[in-house]
Amino acid sequence: MGHGTTHAFDRAELVEQLGGDEDLAREVIGLFLQDCPVQMTAIAGALAARDPRGLHAAAHTLKGAAGTITAHRLAEAARLLETCGREARVEDATEAWRMLEAEADRVLAALRDEV
Amino acid sequence: VRALIADDDRVTATILASALRRWGFEVTLAHDGRTAWEHVVSHRPPMIILDWMMPEMSGLDLCHRIREDPRSAHAYVILLTSRDASADRVAGLDAGADDYVTKPFDREELRARIMVGKRVARIQSELIERVSELQQALANVRQLEGLIPICSYCSRIRSDQDSWEQMESYVSAHSSATFSHGICPTCLEKMSEVGEPER
């Protein structure tokens with residue numbers, strides 16, 4: 001799978017995963033555009049509160065959604081944050097958070113072009 | 001076949017729901033563990049797809065509950081999660097999941113696994129039906145067990161305190177047996193000894 005890709009997300013892979021359903025692709029992109037900022041806010045809140053459990057849960061949800069939408073780099077950044085949360089290393093999360101923010105901007109911009 | 005999908009991520013839940021509908025399922029969505037459990041108890045869906053990490057109640061806790069409750073113990077449960085460590089798979093299956101699929105999932109692989117589940121669920125429900133038929137039959141047979149008060153002279157059976165009924169009607173009412181009437185050699189002999197009434 002395209003973990004090393006430079007694309008923000010893989011449209012062809014997404015549509016294939018949806019059984020060729022273009023309408024459904026637009027629907028889930030719309031959902032992700034709504035939910036991703038909410039999950040980012042939850043992660044930022046957990047980082048600010050130094051709450052490893054909250055970080056783990058919020059990053060885990062974003063990881064799942066990003067992976068499903070084929071935004072693999074975003075999913076990877078979320079996975080790094082999830083690990084920081086699980087291992088209670090909130091202070092090590094700064095670099096991963098920077099990566100996540102940058103990648104989320106890129107993914108959201110690319111997805112907005114789709115709908 | 002009815003299916004419950006429990007996932008707090010709306011993106012994944014929407015994709016799953018659409019796929020399962022296309023594969024012929026009647027789908028209900030839940031976005032947290034407690035809502036999922038309430039649906040399991042009230043609707044008893046034969047196919048259940050659970051995310052692991054959910055608010056209110058985790059997919060793992062749900063698995064335990066589903067197996068412990070006789071109303072849902074026979075459901076086919078798939079854990080669908082991005083937790084992909086070997087220890088997680090073991091914990092998931094030990095908790096009572098029938099299958100374990102990791103996210104992001106491959107659509108065709110999930111379809112194939114869900115069809116396995118559909119097959120198992122059908123066999124299971126046929127089995128449950130057959131067992132209840134057998135229990136029903138056994139209950140009918142058992143009605144004839146125990147102490148039956150019978151008249152030593154006319155062979156009538158006491159059906160309650162004051163009424164006595166013919167053995168035939170008693171047995172017919174308490175079993176699925178039916179009677180075909182004939183005459184045994186002993187009775188035949190007695191009948192010929194008595195002979196025709198004299199004119």
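Q: How many residue pairs are in polar contact between chain B and chain A?
A: In this predicted model, the pairs that count between chain B and chain A are those in which both residues have a pLDDT of 80 or more. On the side of chain B that touches chain A, helix α1 (residues 10-22) of chain B gives the largest share, seven residues, and the residues of that side divide into five nonpolar, four polar and seven charged. The number of residue pairs in polar contact is nine.

Q: What area do chain B and chain A bury between them?
A: The contact involves 16 residues of chain B and 23 residues of chain A. R10(B), V11(B) and M53(B) supply 30% of the area that chain B buries against chain A, more than any other three residues. Of the area buried between the two chains, 58% is on carbon and sulfur atoms, and the total is about 1800 Å².

Q: Why is strand β4 (residues 76-81) of chain B largely enclosed by the rest of the structure?
A: On one side of β4(B), Y76(B), I78(B) and L80(B) are buried, and on the other V77(B), L79(B) and T81(B) are buried as well. Strand β3 (residues 47-50) of chain B runs parallel to β4(B) and is joined to it by four bridges. The strand β4(B) is largely enclosed because the number of its six residues that are buried is six.

Note on methods. Residues numbered from 1 in each chain as written. Chains lettered and ligands numbered in written order. Predicted model: local features only at pLDDT ≥ 70, side-chain atom pairs only at ≥ 80, totals over all residues. Heavy atoms only, no water. Contact = heavy atoms within 4.5 Å. Buried area = accessible area lost by both parts, 1.4 Å probe. Polar contact = N/O pair within 3.5 Å; in protein donor to acceptor, adjacent residues only side chain to side chain. Helix = DSSP H or I, 4+ residues; strand = E, 2+ residues; numbered from the N terminus. Nonpolar A, V, L, I, M, F, W, Y, C, P; charged D, E, K, R; others polar. Buried < 20%, exposed > 50% of the residue type's maximum accessible area, 1.4 Å probe, protein only. Pairing = 2+ DSSP bridges.
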